[in-house]
Amino acid sequence: MIAIDGPVGAGKSTVARALAQRLGVRYVDTGAMYRAVAYLAARRGIAWEDRAAVAALARRVEIAFEPAPDGQRVRVDGLDVTEAIRAPQISEGASVVSAYPEVREALVALQRRMAGDDWVVMEGRDIGTVVFPDAAVKVYLEASLDERARRRHRELLDRGEAVRYEEVREALRARDQRDATRAHSPLRPAPDALIIDSTSLSVEQVVDAIAARLPGR
């Protein structure tokens, strides 16, 4: 297990995909799982603030990651939601539902089943602290708030989303606060994690730094 944690916009998904591709192993984006629960709840008319209903949904949802030419597709109960779960409003919903201990417990159990016995690169916010505290390699990837907001803003513009930089920055700041202060599985680096600030680093440089920590390297 290679566990990569960190805040929104630090580059976890990009780095994790690149590392998994270099090593020829599976990649699991756990953040997409919380987004998927938020998306499915909205689709079924369940308010994100309805903790009991969202938790019940998380316990029975089926989430699958499928290899694709453009990287990876995400399916929820058989429905391809790869693009839909990246909408800004779903990001906000994911932040709300991920704070519920019952939702995290359900998805952590699913994440552990997904890992199996082979090498896997898994990224999220509590992989090295809660999901796999005994991971062979733990990484905490961070970057300045301004840089993370710039990356996220550019990503949204590329998707055709009309959003102001200031709005993106404030949303990230608020998300950081919620993630770091939630009672269950707060965002923080594992004591033995390799902490990498990606603000001024390329994806390749970050991947090189992680690969150098792998057993036998």
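The entries below go from the strands to the helices, then to the pockets and the cavity.

**Ground rules.** I am working on a predicted model, where local features need pLDDT of at least 70, side-chain atom pairs count only at pLDDT 80 or more, and totals for chains, interfaces and linings use all residues. Residues are numbered from 1 along each chain as its sequence is written, and side-chain values use heavy atoms, with hydrogens and water left out.

**Entry 1, the sheet.** I took helices (H or I, at least four residues) and strands (E, at least two) as DSSP runs, numbered from the N terminus. I called two strands paired if DSSP finds at least two bridges between them. What is the strand order in the open sheet? I read β2-β6-β1-β7-β8, 5 strands with parallel pairing. β2 (26-29) and β8 (194-197) are the edge strands, each pairing on one side only. From one strand to the next the twist averages 20°. For angles, I used axes that are lines fitted to C-alpha atoms, for helices over the stretch in contact; the angles run from 0 to 180 degrees between N-to-C directions.

**Entry 2, the pairs.** I went through the bridges next. Strands β1 (residues 2-5) and β7 (residues 137-142) run parallel over 4 bridges. Ile 2 sits opposite Val 137 of β7. β1 is also joined to β6 by 4 parallel bridges, and Ile 4 has Glu 123 as its bridge partner there. β2 and β6 run parallel too, with 4 bridges. Tyr 27 faces Val 121 of β6 in that pairing.

Is β6 covered or open? I found it mostly covered, with 5 of its 5 residues buried. Buried here means under 20% relative accessible area, exposed means over 50%, and partly exposed lies in between (1.4 Å probe, protein chains only). Val 120, Met 122 and Gly 124 are buried on one side, Val 121 and Glu 123 on the other.

Helix α2 (residues 30-43) lies across β2 and β6 (120-124), at about 40° to β2. I then checked the strands β1 and β7, which pair over 4 bridges. Helix α9 (residues 203-211) packs on the sheet and touches β1, β7 and β8, its direction making about 170° with that of β8. Contact means heavy atoms within 4.5 Å.

β3 and β4 run antiparallel with 6 bridges and form a hairpin with 2 residues between them. Phe 65 stands across from Val 74 of β4. β4 and β5 are antiparallel as well, with 2 bridges. Arg 75 has Asp 80 in β5 as its bridge partner. I stopped at Asp 77, in the loop between β4 (71-76) and β5 (79-80). Asp 77 has a positive phi of about 50° although it is not a glycine. Asp 77 is partly exposed, at 35% relative accessible area.

I worked on a 1 Å grid over the protein atoms alone: a cavity is a set of points where a 1.4 Å probe fits but cannot get out, a pocket is an open set with protein on both sides within 12 Å along at least five of seven lines, and lining residues have an atom within 4 Å of a point. Grid points are joined across faces, edges and corners, and a volume is the space filled by probe spheres set on the points.

The largest pocket has about 1100 Å³. It is lined by 48 residues, and Ser 13, Thr 14, Arg 17, Arg 86 and Glu 155 are the closest to its centre. Which element gives the largest share of that lining? I counted α7, with 7 residues. By class the lining has 12 nonpolar, 13 polar and 23 charged residues. I took Ala, Val, Leu, Ile, Met, Phe, Trp, Tyr, Cys and Pro as nonpolar, Asp, Glu, Lys and Arg as charged, and the others, Gly among them, as polar.

The second largest pocket has about 340 Å³. Of its 17 lining residues, Arg 26, Tyr 27, Pro 67, Gly 71 and Gln 72 are the closest to its centre. The lining of this second pocket divides into 10 nonpolar, 3 polar and 4 charged.

**Entry 7, the cavity.** I found 1 cavity of 30 Å³ or more. The residues lining the largest cavity include Ala 3, Asp 5 and Tyr 140. β7 gives the largest share of this lining, 3 residues.
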